[in-house]
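Let's go through it with some questions and answers.

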Amino acid sequence: MEEINTTAKIQFFFRPFSADPKIQVGIFVAFLVMYLTSLSGNTTVAVLVQINHSLHIPMYFFLANLAVLEIFYTSAIAPLALANLLSMGKTPVSIPGCGTQMFFFIFLGGADCVLLAVMAYDRFVAICYPLRYTCIMSWPLCVELMVGSLVLGFLLSLPLTILIFHLPFCNNNKIYHFYCDMPAVIHLACADTHVHKTALYIISFIVLSIPLSLIFISYVFIMAAILRIQSVKGRHRAFSTCSSHILVVLLQYGCTSFIYLSPSSGYSPEMGRVVSVVYTFITPILNPLIYSIRNKELKDALRRALKKF
């Protein structure tokens, strides 16, 4: 009972990146610019797909939903991180507040990973079965796949968040991070965390390895189909569409695997914080840029929209 009362009163604080206020302000400006760029880029993609009927096909439906997920994903982290950067780590976050942020981070991040696998399946059907594409990728199926991504993210997030925040937290309340990341919070618990670390590893393995395996299998068949295309222009178009998705997958899965699938004994809080910047701030910026640069239809839609103003 005493441990529960102690835990309930605790407020977490995030350790600043630097003790120098000028460096902290510089990092704040960098984070703010990345956050605003991410918001504007992903909002542009979502709006373009919505207002252009020519883009109302499964590929862009999933792309628009990915953009919306990225907006909420980054927004679950950025405001609190920015406040702490300005206050030199003096902005407190309560246990419920930290748990809420962690829940949405896992929920949206998990749904993001599953959605990338769904997008790979969409490209697989489009390239390997072009004549049956509209029949296979029907709108009811697309909606079901999108909802399924969200449901899986929720089912992974809720039990893991509850498991972690059932731990007692005593005097150590300085999180060596800029948001309530799972390894950083578990590290503060004043109890045996072996079971929690094992659960985190297993869930991370499921979330990362299964979708990545499906993506890999899809692209094995996709590459084989592309090589059979007789037209050089056709091969280039197919490869251009798929290479954008591959770049996003490598960034997303590479960084998250480094953090969550590395042995816990080798976990470095400083390295974890730096690498986390990639998939919480940089990847959400690159997603719309990569897809826009590599996608003619999206660029044409953007040009038409700009001409109206």
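Q: How much of residues 60–82 is helix, and how far apart are the end C-alpha atoms?
A: Keep in mind that this is a predicted model. Over residues 60–82 the chain is 91% helix and 0% strand. UniProt, in an unreviewed entry, lists 60–82 among the stretches with the feature "transmembrane region". The end C-alpha atoms of residues 60–82 are 32 Å apart.

Q: What about residues 201–227: how far apart are the end C-alpha atoms there?
A: This stretch is also one of those that the unreviewed UniProt entry marks as "transmembrane region". Here the chain is 100% helix and 0% strand. From end to end, the C-alpha atoms of residues 201–227 are 38 Å apart.

Q: Where on helix H4 do its buried residues sit?
A: H4 covers residues 78–86, and its buried residues are Ala78, Ala81, Leu82, Asn84 and Leu85. Looking down the axis of H4, these buried residues fall within an arc of 165°, so they line one face of the helix.

Q: Which residue just after H4 takes a positive phi?
A: H4 itself runs over residues 78–86. Just past H4, a phi of about 60° turns up, and the residue that takes it is Met88.

Q: Which strands stand at the edges of the sheet?
A: The sheet is open, with three strands in the order E2-E1-E3 and mixed pairing. Two of its strands, at 93–94 and 174–175, each have a single partner strand, so one side of each is left without a neighbour in the sheet. Those edge strands are E2 and E3.

Q: What volume does the largest cavity have?
A: Searching the whole structure turns up three cavities of 30 Å³ or more. The largest cavity has a volume of about 220 Å³.

Q: How many charged residues are in the lining of the largest cavity?
A: The lining has 18 residues, with Gly109, Gly110, Met182, Val207 and Tyr260 nearest the centre of the cavity. Helices H5 (95–128), H7 (139–164), H9 (194–227) and H10 (232–260) are the elements that give two or more residues to this lining. By class there are 13 nonpolar and five polar residues, and the charged count is no residues.

Q: How does Leu152 count by accessibility, and how far is Leu152 from Ala111 in space?
A: Leu152 is in helix H7. With 43% relative accessibility, Leu152 counts as partly exposed. Leu152 and Ala111 are 41 residues apart in sequence, and their C-alpha to C-alpha separation in space is 6.7 Å.

Q: Is His236 buried or exposed?
A: Helix H10 is where His236 is found. The C-alpha atoms of His236 and Leu298, 62 residues apart along the chain, are separated by 17 Å. The relative accessibility of His236 is 57%, and the cut-off is over 50%, so His236 counts as exposed.

Definitions and conventions
Residues numbered from 1 in each chain as written. Predicted model: local features only at pLDDT ≥ 70, side-chain atom pairs only at ≥ 80, totals over all residues. Heavy atoms only, no water. Buried < 20%, exposed > 50% of the residue type's maximum accessible area, 1.4 Å probe, protein only. Helix = DSSP H or I, 4+ residues; strand = E, 2+ residues; numbered from the N terminus. Arc of directions from axis to C-beta. Pairing = 2+ DSSP bridges. 1 Å grid on protein atoms, 1.4 Å probe; cavity = no way out; pocket = protein on both sides within 12 Å on 5 of 7 lines; lining within 4 Å. Points joined across faces, edges and corners; volume = space filled by probe spheres on them. Nonpolar A, V, L, I, M, F, W, Y, C, P; charged D, E, K, R; others polar. UniProt positions renumbered as here; feature names shortened; annotations may be inferred.
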